[in-house]
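Good morning. I will go through one structure with two chains in contact, starting with where they meet. Please have a look at it first.

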Amino acid sequence: MNPRLRWRKFVSNFMLTMTGLCAVVAVSVLFFILGYLVYHGGTSINWNFFTKLPTPVGETGGGMANAIVGSAKLLLLASLFGVPIGFFGAIYLAEFSGGTVAYVVRYAADLLNGVPSIVIGIFAYGLVVLPFKHFSTLAGGFALGLMMIPITLRSTEEFLHAVPRELREGAMALGASKSRTIATVIVPAAYRGIVTAILLAFARVAGETAPLLFTAFGNRFWSPGWGQPTASLPVMIYTYAVAPYDDWHRQAWAAGLVLLGLILVVNIVARGILARGIAVPRS
Amino acid sequence: MATSTTTVPSAGPVEGSRSFLSRLRDGDEIARLITFLFAASVVLVTLLLVFELWQGSVLARHKFGLNFFFTRVWDPIFEQFGALPFIYGTMVTSVVALLIAVPLGIGAAIFLAELAPQKISATLQFFIDLLAAVPSVIYGLLGVFIVIPLMREYIQPALKSTFGFLPLFQGPAYGVGFLTAGIVLAIMVIPYIISVSREILLSVPRDQREAALALGATRWESTWKVVVPFARTGILGSVFLALARAVGETMAVTMVIGNAPAISASLFSPGDSIASVIANQFTEATGDLYLQSLIELGLVLFLLTFILNGLARLLILVTTQRGAGTGLA
């Protein structure tokens, strides 16, 4: 083998090894994150964390029961607001609309998807917080729901498009109306994909913090009803992590572990549903 | 429409043959109308968002005009507001992030698309997808407790002793600052670069590779001199996408950047980005002008990500369509 060729082979192998190294480094970040959270958070999670309210500043102990309930309420509200718009909007795009309208809606959804979460927060502040004159669960849920819309819409539309044409035509040939075809044939056929889309949208907003800072704000007590400021897990992690108290840091780790655990589980379940389902292309 | 003479009522997919009334009775028109309202609300809410940002910053826009972007002073007490320190902070942190993330991300994408066997590639991509799902506040948490001490104790002193003659690496090592924020941002955007670049590389037609290999190129030469240039535009798109993410990223940056409206040549210096100053000061903004200046920062952020995302989409679209059009794929 001449030296030139040997050199080229060496460069080739070397560079390819380097790309492998890049991949390993990138993926190992996930395990670092998980490892640190389990290490620091695992020792801090206890029964109190799930059942107690935060203690007054300076006292150790207490938990984040109010933040867990707060997050649940926010996410419920977000899903009630974001999922129907995304789902029915997608049905319109996939089944009813002509070219121009669909283009405009898709464009708006993509635009909304790219808006930084903090700007969504400003928007929700102006639209919901200012008219009601105070921070509320409602405003936080609105902000999160807004972020769910584009993800649900675009993926649901894609899964509806992936339903084989024959199914549509079969239903129509049997005399079913279009709306009946959609309700009894198309949506059930794309059902796994739609569930996946909704779960992924849910997981995406579950960890969002920035839009909650000035909509749901925060609360060290229970938040009754929907019109009061409320604590939430992501905001608690932020407040506790930047505060100077060791006991708060401990609880921030615990909250981080719970939150990330929830998000990763939802993600894995969502992708699992799709992997077992009909062979529809995934973006 | 007049009824036809056929005895069997038409119920086929040909819509023109059915009267408006019958379609209404079957619920088609109602379904269309209802779903249309949902779809239209997406457009409406997006327009409302733009309007809200524009309207909400009217005072600040009129008072400061274009000077807003060139003024270094951010003084809530004397109501002087200039965005320059924050624009600078956003720019510096994003550039640092891209300098780290682009080589790493593209390298990893090449490995996943070109080298790794299908199964390994899919598994690694699954982990990358999970990594992209990790919320920003978790990165912030690790930034505060792991990256900042690491920077303060080891990395910043090491950089100072080796590259200390450069103004970039001078000044006290606080741990927080532009460099730390850039590094955390880099870690956050790498998954986006990998996912998009991998898709782009996979869309490069197979015959491009085979032709290069047949001409005697090594595997790396075929990848680096043929496949990557073919996918160049799309990869650039993934970089713009990552840049848009980095610019809009809030929580992790807020937690590690140090929060001081400073313009400093040193990467060790604490600073502020557009997003972080909004996150920090919005709830404590007293006075209309203060609040409206923050909303104007939000408007700037919106426009910035709008442009970057638009460019990214365009570039990615161009490449994938060319890939699909020219070869067997």
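Let me start with the interface: 69 residues of chain B are in contact with 72 residues of chain A, where contact means that the C-beta atoms of two residues, placed from the backbone, lie within 7 Å. On the chain B side, the largest share is 17 residues, and these come from helix α2 (residues 28-56) of chain B. Sorted by class, the side of chain B that touches chain A has 47 nonpolar, 16 polar and six charged residues. Here Ala, Val, Leu, Ile, Met, Phe, Trp, Tyr, Cys and Pro count as nonpolar, Asp, Glu, Lys and Arg as charged, and the others, Gly among them, as polar.

Some housekeeping. This is a predicted model, in which local features need pLDDT of at least 70 and side-chain atom pairs count only at pLDDT 80 or more, while totals for chains, interfaces and linings use all residues. Residues are numbered from 1 along each chain as its sequence is written, and chains are lettered from A and ligands numbered from 1 in the order in which they are written.

Helix α1 (residues 3-42) of chain A packs against helix α4 (residues 84-115) of chain B at about 110 degrees, with the axes 7 Å apart. The axes are lines fitted to C-alpha atoms, for helices over the stretch in contact, and angles run from 0 to 180 degrees between N-to-C directions. α1(A) and α4(B) are therefore roughly perpendicular, a label for angles of 65 to 115 degrees. Among the residues that meet are A:Leu16, A:Met18 and A:Cys22 in α1(A), and B:Leu104, B:Ile110 and B:Phe111 in α4(B). This contact has twelve nonpolar, three polar and no charged residues.

What is the secondary structure of chain A? Chain A has twelve helices and zero strands; helices (H or I, at least four residues) and strands (E, at least two) are DSSP runs, numbered from the N terminus. Its C-alpha atoms fill a box of roughly 70 × 70 × 35 Å along the principal axes. Of the 283 residues in chain A, 51% are buried, meaning that 20 or more other C-beta atoms lie within 10 Å of the residue's own, with C-beta atoms placed from the backbone.

Chain B, to finish, has twelve helices and two strands. Buried residues are 50% of the 329 in chain B.

Methods: Buried ≥ 20, exposed ≤ 12 C-beta atoms within 10 Å, placed from the backbone. Parallel < 35°, antiparallel > 145°, perpendicular 65-115°, else oblique.
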